[in-house]
Amino acid sequence: MTTALLDASRLPADPSLISLAYHHDHPVQAFEFDDTLEIWKVTARIDADALAEDMAAHSDVDQEALDAVEDVAVGRMSFARVRMFGPDDPFEAMDSHSRDLCRIGETVLDVARGQWDPACEEALAHPVGDLLVMDRVILEPAWRGLRLGPILAGAAIRRLSSGCTAVACEPGSADGREMSEAQHREAAAKLGQLWSAIGFEHFQDGVYLLDCHLQRSQDLLTERQQEFTALGSAWREARRP
């Protein structure tokens, strides 16, 4: 058995069964920055029915065990879509939400004008459209270590980035661990390298950008999908007779 198969076999379930669920709440009558800033929560999980059906098809499991199957949590993500041509100042909308979004806004926007910063415009192929911020990507411990983060985040970005010119992120630990400044820098550098697998490149001040109009970004997302397919195949080969 190869190392790849051994690595895949430690996952709790077949990764090809993972699905993403998107959730966004908004009032019918906009309040404050609701028409400028959209917060999207994305849940990665394996549905209990899909898992039970897969178990029944590939193993000798009785009905009682199938009835006891529950959803498998894989991870969670959060994104913020900033409408650059909305009714409100985009930076004020970001600043109102969190310090993390504020820092990104200070880096990619001209705060005084409420528009793209000239350096950011220069870095983007076609700087016309909205900004999508990848705020958090957190995997459950059992699903870490196999580069699933970029695969799942890339799939979500493909769904959420329509009409966006760029996706921004500020790599850093999102699981609440206390770290020194040196540890934070080291973690940010490693995560920056990880996110480069779906097209993020360092812009400035620790903020990374994915240019939605570059063919390279689309090609990298396709490569990650191919890796995901291979991971599922490896899991099934390692776990099934």
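Is C212 buried or exposed? With a relative accessibility of 15%, C212 counts as buried, where buried means under 20% relative accessible area, exposed over 50%, and partly exposed in between (1.4 Å probe, protein chains only).

The model is predicted: local features need pLDDT of at least 70, side-chain atom pairs count only at pLDDT 80 or more, and totals for chains, interfaces and linings use all residues. Residues are numbered from 1 along each chain as its sequence is written, and side-chain values use heavy atoms, with hydrogens and water left out.

**Cysteines**

The structure holds 0 disulfides, a disulfide being a pair of cysteine sulfur atoms within 2.5 Å. C212 takes part in none. C120 is buried, at 0% relative accessible area. Its sulfur is too far from that of C212 for a bond.

| Cysteine | Closest cysteine sulfur | Distance |
|---|---|---|
| C120 | C212 | 11 Å |
| C212 | C164 | 5.8 Å |

**Strand β9**

Strands (E, at least two residues) are DSSP runs, numbered from the N terminus. Strand β9 covers residues 207-211, and because 5 of its 5 residues are buried, β9 is largely enclosed by the rest of the structure. V207, L209 and D211 point one way from β9, while Y208 and L210 point the other way.

Two strands pair if DSSP finds at least two bridges between them. Strand β7 (residues 164-169) pairs with β9 in the antiparallel sense over 4 bridges, and C169 has Y208 as its bridge partner in β9. Strand β8 (residues 201-204) also pairs with β9 in the antiparallel sense, over 3 bridges, with Q204 opposite V207. The hairpin of β8 and β9 has 2 residues between the strands, and D205 there takes a positive phi near 55°.
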